[in-house]
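Have the model open in your viewer and your selection tool ready. We will go from stop to stop, and at each one you will hear what to select and what is there.

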Amino acid sequence: METKGYAVPKANAPLEPWTFTRRELRDGDVGLDILFGGICHSDIHQAREEWGPAIFPMVPGHEIVGRVTSLGSAVTKFKVGDLIGIGVFIDSCRRCENCLAGLQQYCLGGMTGTYNTYERNSTTVAMGGYSNKFVIDQDYAVHVPENLALEGVAPLMCAGITLYSPLKHWEAGPGKRVAIMGLGGLGHMGVKFAVALGAHVTVLSHSPSKREDALAMGAHEFLVLDSDDSFAERKRSYDLILNTVSADVQIEKYLNLLKIDGTLVMIGLPSNPVSLGVGTLIGSRRSLAGSMIGGIPELQEMLNFCGEHNIVSDVEVIKPQYINEAYDRTVSSDVKYRFVIDSSAY
Ligand code: NAP
Ligand code: ZN
Ligand code: ZN
């Protein structure tokens, strides 16, 4: 299947137009036209080899929404014309205890990413969502509600699920005080979900210009790191803090904001290790945790929740020619709040 997209030809090089071939449909495969593809900061980390050596040419992109155009002979989950969503992985072992529990992102054999890896049991490099067509095994795609603005749906497939999953796992809801660190692509979805779940929500940001937006999204408080006196006054205030910051932060400072038995969940993934004095944990029986995207059943649950609550990402829709500029603007925290590529323009 001939596919047009944008690829990173080699490490640190700008993206450029690239045409490539996707596999013919297997029995369980679905073919689709991509409508919109989101730009996640993880794409930038990988395109710039901030997470170690990568595979080039690389077509990044793991926030995909499209419409089904063709079906393999064994497909029962989708029909032609259905809206379909694809996220951060396209396969897993299907047999380990985590896969059987619907937690494919934690597959003991390793999930197969949407790009920058080889397709499972294959020498073909997986190519991601900065492109106009896709082929996916039906078991690794989900249904998208018809009532949502589609450009705002694409980021749900990574940014959305990555915040929905820990909010549900650590039971954000009425009576819980939740803080979201970083109001970027992930963080703004965290605000929307935590508000919809009924929690009291605070944004901890280093960008004073985002205050009004955060409050418009439903946040109850907005605190600016280091320049806001009230930041220090929030010691022992939160049940749950979700760290979505893409850069290094002094994590102890934030741990101090947790109540007794509170949890700080690491979600942002900069390349350097974190150091902390463990007294900050011990002194208030606090937990430091991590969380990665969500499995297929939870992805579907999240999209259904978005359909019911009319939740989508706030996006800036761009043409593919703008991707390189969008990367630079994302790195400087200058996006409201996710870049999404119009896939009809490749
Ligand atoms: P993003 O849109 O660039 O947002 C990151 C936010 O972090 C920025 O908007 C900014 O918020 C804050 N920030 C950036 N630089 C900062 C600095 N120097 N100091 C303090 N704050 C800073 O990125 P994203 O797409 O949301 O991704 C965020 C991180 O999560 C990335 O590292 C990504 O790889 C990772 N990620 C993890 C998972 C997972 O499953 N765990 C999934 C997807 C992505 P303010 O302007 O409000 O301060
Ligand atoms: Zn992502
Ligand atoms: Zn598995």
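**A tour of rings and a metal site**

Start by selecting Y164, F193 and F305: ring pairs link these residues into a cluster. Keep in mind along the way that this is a predicted model.

How many aromatic pairs does the structure hold? There are eight. For another of them, select W18 and F20: the ring centres are 5.3 Å apart and the planes lie at 20 degrees, under the 30 degree limit, so this pair is stacked. F20 is buried at 8% relative accessible area, while W18, at 30%, counts as partly exposed.

Next, select the zinc ion (ligand 3). Its protein donors are the SG atoms of C93, C96, C99 and C107, at 2.3 to 2.4 Å. Trace them along the chain and you will find the spacing C-x2-C-x2-C-x7-C. Why is the arrangement around the zinc ion (ligand 3) tetrahedral? Because the four donor atoms subtend angles of 102 to 120 degrees.

Finish on two of these cysteines: C93 counts as buried at 14% relative accessibility, and C99 is buried with a relative accessible area of 7%.

Methods: Residues are numbered from 1 along each chain as its sequence is written. Chains are lettered from A and ligands numbered from 1 in the order in which they are written. This is a predicted model: local features need pLDDT of at least 70, side-chain atom pairs count only at pLDDT 80 or more; totals for chains, interfaces and linings use all residues. Side-chain values use heavy atoms; hydrogens and water are left out. Donors are N, O and S atoms within 2.8 Å of the metal (3.2 Å for Na, K and Ca); water is not among the atoms, so sites may look incomplete. Four donors count as tetrahedral if all angles lie between 85 and 135 degrees; four count as square planar and six as octahedral if opposite donors are over 155 degrees apart and all others between 65 and 115; anything else is irregular. Buried means under 20% relative accessible area, exposed over 50%, partly exposed in between (1.4 Å probe, protein chains only). Rings of Phe, Tyr and Trp (its six-membered ring) pair if their centres lie within 6.5 Å; planes under 30 degrees apart count as stacked, over 60 as edge-to-face and the rest as tilted.
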